[in-house]
Amino acid sequence: RDLVPAGGRSSGRVRLKVKRRRRVGAKTKMNPTHAQGGETTNIQFKDSLTNCMQAKRDLEMAINTIIQAEQEMKANSHEVKFQIHSCISRHMECLRSREVCLLEQIDLVQQLKEETLHQQIQQLYWLLGQFNCLIHQLEYPQNNQPINQITACLERLKDLTLKPEESPVLNFEADIPSLRQAITSFGAIKTPVTVLNFLAIRIFFFN
C-alpha cells in the first residue's frame, strides 16, 4: 500500500512495507531431520519405561521370593530343632537304659560273688566248729581219743581253700574318649547355603 503522511502535501510518496501476520492455525513446514529425532526420543522413552517396569516387577518378585524363603527357613529351622531334640532324647534314653543294664549287671555279679563267699564261709565255720570240739576233747581228755576224727578234719582242711574264692575287685571299664568323640561328632547340619562355611569358622574359633 502507498501511504501519505499526515500534514498535507508531500514532495514524494513514501512506500511503507507492512508485514502480513501469519494466520492462526496455518501449517508450519517441519524439518524432516527434526521429525525423525522426535520419533527416536519417543521410542527411547517407551523402551526406558518398559525396562523400568520390568525391573520393578523383577525386584518385587525377588523380594517376595526372599521373604518366602526366609519364612520357609524359619519353619525348617523349627522342624530341625525338634528333630535334634527328639533324636538326642532318644539316645539319652538309650544311655539311661544302658546305665540301668550296667547297674543290674553289677548287682548280679555282686550277688553271685556273695553266694560263693557265703558258701565258703559256711564250710569254714563248720570245720572251725569241728576243731573247737576236738580241741576241747584234747584239753579235757577222756577214755576215747578222737584220733580218727582229727585225721578226717585235717584232711578236710587240706581240701578247703582258705583264701577267698571270689575276688572283691569290681571295675567299670569304658572307652571315655571314644564315647566323647562319638557324642561331640554326632549329627551334622546340612544346608546348600554358603552360611555353612561361616558356621564352621565360628565353631572352629569358639570351641
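Among the elements of the protein, which has the lowest mean pLDDT and which the highest? Strand β1 (residues 2-3) is lowest at 44, and helix α3 (residues 176-184) is highest at 90; pLDDT is the predictor's confidence in each residue, from 0 to 100. Helices (H or I, at least four residues) and strands (E, at least two) are DSSP runs, numbered from the N terminus. This is a predicted model, where local features need pLDDT of at least 70, side-chain atom pairs count only at pLDDT 80 or more, and totals for chains, interfaces and linings use all residues. Residues are numbered from 1 along each chain as its sequence is written, and side-chain values use heavy atoms, leaving out hydrogens and water.

**Confidence**
- The protein averages a pLDDT of 80, with 73% of the residues scoring at least 70.
- Residues 1-14 stay under 50 and have five contacts (heavy atoms within 4.5 Å) beyond four places in sequence.
- Residues 24-28 are also below 50, with one contact beyond near neighbours in sequence.
- Where pLDDT is low, the predicted coordinates should not be read in detail.

**Nonpolar core**
- The largest nonpolar core has six residues: Leu 127, Phe 131, Leu 134, Ile 150, Cys 153 and Leu 160.
- Such a core is a set of buried (under 20% relative accessible area, 1.4 Å probe, protein chains only) Ala, Val, Leu, Ile, Met, Phe, Trp, Tyr and Cys residues joined through side-chain atoms within 4.5 Å.
- α1 (32-139) and α2 (147-159) each give two or more residues, and α1 has the largest share, three.
- Not counting residues up to four places away in sequence, Cys 153 touches Leu 127, Gln 130, Phe 131 and Leu 134.

Conventions:
Buried < 20%, exposed > 50% of the residue type's maximum accessible area, 1.4 Å probe, protein only.
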